[in-house]
2 protein chains.
Amino acid sequence: GEAAPPGSPWPLPQVWTKSTYPYLLDPKVFFITKLTNSKGEAAPPGSPWPLPQVWTKSTYPYLLDPKVFFITSNAENCTIVAEGLSRLSDEFNSIFKAIDDNKRHNSSLLSLRSIHLQIDSISDCNTIYPQNNDNEYYEIAIPFQSSINGRIRADTIWGAIRALETLSQLIYVNEDRELVVNATRITDWPRFSFRGVMLDSSRHFLPKNVILANLDAMSYNKFNVFHWHIVDDQSFPFESKIFPELTQKGAYSSRHVYTQTDIQEIIEYARYRGIRVIPEFDTPGHTQGFGKAFPQLLTTCYGDGDDKPFTAKLNKHAEAEILNPMQNYTYDFMKVFFREVRDLFRDQYVHLGMDEVYYDCWRSNPQVWQFMINHTFTELSQVEQYYTERMIDTIKDIGFKNIVWQDPIDNGVQLANDTLVMVWKERYRHPTSQNDSWKASVQRIVGQGYKVIVSACWYLNYISYGQDWEKYYRCDPTKSLADDSEKALVLGGEACMWGEYVDGTNLLARLWPRASAVAERLWSDPNHTNDIESAKFRLDQHRCRMLRRGIPAQPILNGFCGEYEWEMNANEI
Amino acid sequence: GEAAPPGSPWPLPQVWTKSTYPYLLDPKVFFITKLTNSKGEAAPPGSPWPLPQVWTKSTYPYLLDPKVFFITSNAENCTIVAEGLSRLSDEFNSIFKAIDDNKRHNSSLLSLRSIHLQIDSISDCNTIYPQNNDNEYYEIAIPFQSSINGRIRADTIWGAIRALETLSQLIYVNEDRELVVNATRITDWPRFSFRGVMLDSSRHFLPKNVILANLDAMSYNKFNVFHWHIVDDQSFPFESKIFPELTQKGAYSSRHVYTQTDIQEIIEYARYRGIRVIPEFDTPGHTQGFGKAFPQLLTTCYGDGDDKPFTAKLNKHAEAEILNPMQNYTYDFMKVFFREVRDLFRDQYVHLGMDEVYYDCWRSNPQVWQFMINHTFTELSQVEQYYTERMIDTIKDIGFKNIVWQDPIDNGVQLANDTLVMVWKERYRHPTSQNDSWKASVQRIVGQGYKVIVSACWYLNYISYGQDWEKYYRCDPTKSLADDSEKALVLGGEACMWGEYVDGTNLLARLWPRASAVAERLWSDPNHTNDIESAKFRLDQHRCRMLRRGIPAQPILNGFCGEYEWEMNANEI
């Protein structure tokens, strides 16, 4: 009962691996833009971003012919690997189908026959989630003429995900419009284990599809942490099933909500791309979002006469703000709340914020004075210390490790030493001595033995005209540190996109490829990535690659992306 | 053979104007965001942008019920008016269908019965195109209780288009989720007759759909000129049928081309929105795009020894650049070329550029010296003058009026006095005396009797963090002029979006609503639009309006747009 498949060749080819991909002519051809840098150099086609640690390039191209080429793996039963292979295959086919039919079958090039993907450790591969300090090492070998079989090896599935991303970027269309991959040998691993992108979904709600697309873009750049600043003063889009009032009163509208189903989908989508999802519930400041449903969580602020509760003071404090650190209710509420968070999210870490705890409201409140007397506190920072310790203990009880912004350390608060500290202040206003640059803050905080993540030089919400990616590219998180043992305490960094002026209309275009500059700084060897001119043309190529994959990454140079541009209809040919 | 239409009421209503609009529940409800300014004021719902000259507001709402309400006009045979009414009807229905069914029919409000649109001059209405100094005056009267019939009157179809836009912005959904329009009396006309947006399709190609969407956004803001900087050094996307080599060699690719059919579609689309399309073919500089196909048009540049033709000099000149002003070939070519342009475009004006004619290449060329001797010229500006005069004569022969950037005037070149001059330099470096601010340039050029268009303070490609729309809003093109007769020479201004870092990924979000600030400055009375705080909340409302109409205008404030956000799927409810 079988019919010959359409397009069956006669006589039968020696080796014919059949597939069912459709033969369409598609303008999204993976053509290289022909721009050159000031030295007249163009990025070589198939240049990966971020740059691998060790990359032995060759100009020897193998033809990739889907009738011949196949990938095997010892880990095909790991769904993450299977999905990764499937994404690679989609990429491969979308490039291939863009090539004129007659160019596909008349090549004089040697065809690459196969790549075998070997992963050493695959136990639990269907249940594990990416976590802190995962091994992302991998090797790719597409040997020069000695074999028509390539090989990828990784210690873990996370390394394998990175390898497949690199492989997808090595594939290109040459000037004869053949789909090729050059003979290549890559040994690669990340310089930093924490490579994050922070999004803020409180100032503006970010529709789920935008977050998913952003996870795609992150995976194209080997980012591995999505730091989700999910709620703040402005709105509370996180659905709590225990406290549904939080979104009922705190979300912008009933549609401006991430349901727990949405969040699970986002976490799984991220997991398939080797990306951790770390939520931030900022306390004790930035909690007006909690306060809309539970005003009793906030400290009552007083007017100048000290006898008028719930009195705002311009540029000082609101009517009520900052979690009330004095009452058990605050900690009891948060214990219940964070237990729900713990059950939903899969990462070992939660981000507790702790930034910008301004003391004006506490100072205005007579109960805080009494509380200080009762505890023999002389400084408001001791109240903050009290809150911080109780809160961190509470979180630890639940089974979360925690991350905080640098502020408690700046205020002299002592933290549990497994707390990760994010350095975000470009300049810290020191109360007594000179102001600290962020580099001095890194030095100071690392000097106290904390592990640090740097975001201070990567606030990508601050836009400016022109090639500002160069500024982000130049920033090195460990530059201020002499000592290897200090450097080891810098886990990495993250690109932050605060949401005051960003929503679904402009997030992706504004973030990419600017965040790609951060990605390469966090992944690659700084000694091999210190030349802006050669990076520029690789980055331009990478932005076109993202464009073709559905990310509206904005241009960094005059020019064009092969035969495809964003918003150009395929049927406009 | 007729069946009762579904949803037929019993007993029969007194007046039942049936329609076939679909009853869908749609989340794009036209809800007002509840933000308030620092004085606690929110923009009143249904606030138009730009602000009308005379607007007698009331809080008396009429219900708009599509079963009752209809619009009539004496100009229904004018296709531009019919299309305008159809767009209004789409807008009306898209808001209406978002309202809960049971809210539609249980209102205690009086229904507005009709609006009659009266246009005094409708002869040639199906053949005319908008042009310089069109009459855009209109009146809207939705009387307070005295009648259930409203009235719009305009002198011309262009005024009618503006009136319908205003009317569409007066409609809103009130807190009872009824579709209403307040009793209102508006008398309105533009302060300036030239209100432009400039796009650059050479540094990056802008897909046709992006240009059409931008024309929509322009019409929502009552802009009336699309200044199309269509070609430049980087690429030549304009299809010439006489010189097809121009795109074959000058376009980024065969897909990066505006065919003449595309251009006609764009011109017609603009015409239906009362928008002129003025192309710019920048000469004699910025002509590498011409030079790719016709290198003989350019002046050969020489090396330092003066004997090496086609020698580039870093930061001075290319191997060849600037149209060769000495040869008849240049003018003959341009005459043929601009005749084709004249036949395609419909506006009386063409923009000839004339900016940034750097003399270094001319200075390096011995033929230019000889040319100067032959003409007894002592200054290179006389060569520019020679070019300018011959070129403007050539263009005048063809039947085009012309616009130029301010540079020839700055260089002491005398122009025909019906030339419009665009002041674009924020600061003009005066060769002998103090530098001129753009305001001084306006004064100087107006003082020489030229008509002026100001873009110097509205280079929207220069982005910066935060609410930079306020800066654009504060800029007034005539601020430097004391005298009414001088002020009368300022025809208006335009928002420029140069394309170095802009393409289909980010153009619309980057331009809107920042260009809306320019729109209000060019349309409205400055005495009524000098308060940033009250403008802010009207502008926020307007950006949400644009969002709902399909323009990804970026946010200017924290918050949200009712129940709809960009990239939020309707089926995510």
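**Disulfides, helices and rings**

Reply: In this predicted model, Cys301(B) and Cys361(B) are joined by a disulfide, with their sulfur atoms 2.1 Å apart.

Me: What makes the link of Cys301(B) and Cys361(B) a disulfide?

Reply: The cut-off is a pair of cysteine sulfur atoms within 2.5 Å. The sulfur atoms of Cys301(B) and Cys361(B) are 2.1 Å apart, and the pair counts as a disulfide. This link is left-handed, with -100° about the S-S bond.

Me: Why is the disulfide of Cys457(B) and Cys475(B) given a handedness, and which one?

Reply: The torsion about its S-S bond is about -70°, so the disulfide of Cys457(B) and Cys475(B) is left-handed. Cys457(B) lies in the loop between β20 and α14 of chain B, and Cys475(B) in the loop between α14 and α15, so the pair ties together parts 18 residues apart in sequence. Both Cys457(B) and Cys475(B) are buried.

Me: What is the handedness of the disulfide of Cys544(B) and Cys561(B), and why?

Reply: Here the torsion about the S-S bond is about -75°, so this disulfide is left-handed. Cys544(B) is in helix α18 of chain B and Cys561(B) in the segment after α18, so parts 17 residues apart in sequence are tied together.

Me: How do you know how α1(A) runs relative to α3(A)?

Reply: Helix α1 (residues 79-96) and helix α3 (residues 157-170) of chain A pack at an angle of about 5°, with their axes 10 Å apart. Angles under 35 degrees count as roughly parallel, and that makes α1(A) roughly parallel to α3(A). Where they meet, α1(A) contributes residues including Ile80(A), Leu85(A) and Glu91(A), and α3(A) residues including Trp158(A), Ile161(A) and Leu164(A). The contact residues divide into nine nonpolar, two polar and two charged.

Me: How many aromatic pairs are there, and what makes the one of Tyr331(A) and Tyr387(A) tilted?

Reply: A search of the whole structure finds 78 aromatic pairs over all chains. The rings of Tyr331(A) and Tyr387(A) are 5.8 Å apart, centre to centre, with 35° between the planes, and the pair is tilted. Planes under 30 degrees apart count as stacked and over 60 as edge-to-face, with the rest tilted. Tyr331(A) is in helix α8 and Tyr387(A) in helix α11 of chain A, 56 residues apart. Both tyrosines, Tyr331(A) and Tyr387(A), are buried.

Me: What makes the pair of Tyr359(A) and Trp362(A) stacked?

Reply: The planes of Tyr359(A) and Trp362(A) are 10° apart, and the centres 5.9 Å apart, and the pair is stacked. The limit for stacking is under 30 degrees. Tyr359(A) is buried, with a relative accessible area of 16%.

Notes:
Residues are numbered from 1 along each chain as its sequence is written. Chains are lettered from A and ligands numbered from 1 in the order in which they are written. This is a predicted model: local features need pLDDT of at least 70, side-chain atom pairs count only at pLDDT 80 or more; totals for chains, interfaces and linings use all residues. Side-chain values use heavy atoms; hydrogens and water are left out. Axes are lines fitted to C-alpha atoms, for helices over the stretch in contact, and angles run from 0 to 180 degrees between N-to-C directions. Helices (H or I, at least four residues) and strands (E, at least two) are DSSP runs, numbered from the N terminus. Angles under 35 degrees count as roughly parallel, over 145 as roughly antiparallel, 65 to 115 as roughly perpendicular and the rest as oblique. Contact means heavy atoms within 4.5 Å. Ala, Val, Leu, Ile, Met, Phe, Trp, Tyr, Cys and Pro count as nonpolar, Asp, Glu, Lys and Arg as charged, and the others, Gly among them, as polar. Buried means under 20% relative accessible area, exposed over 50%, partly exposed in between (1.4 Å probe, protein chains only). Rings of Phe, Tyr and Trp (its six-membered ring) pair if their centres lie within 6.5 Å; planes under 30 degrees apart count as stacked, over 60 as edge-to-face and the rest as tilted.
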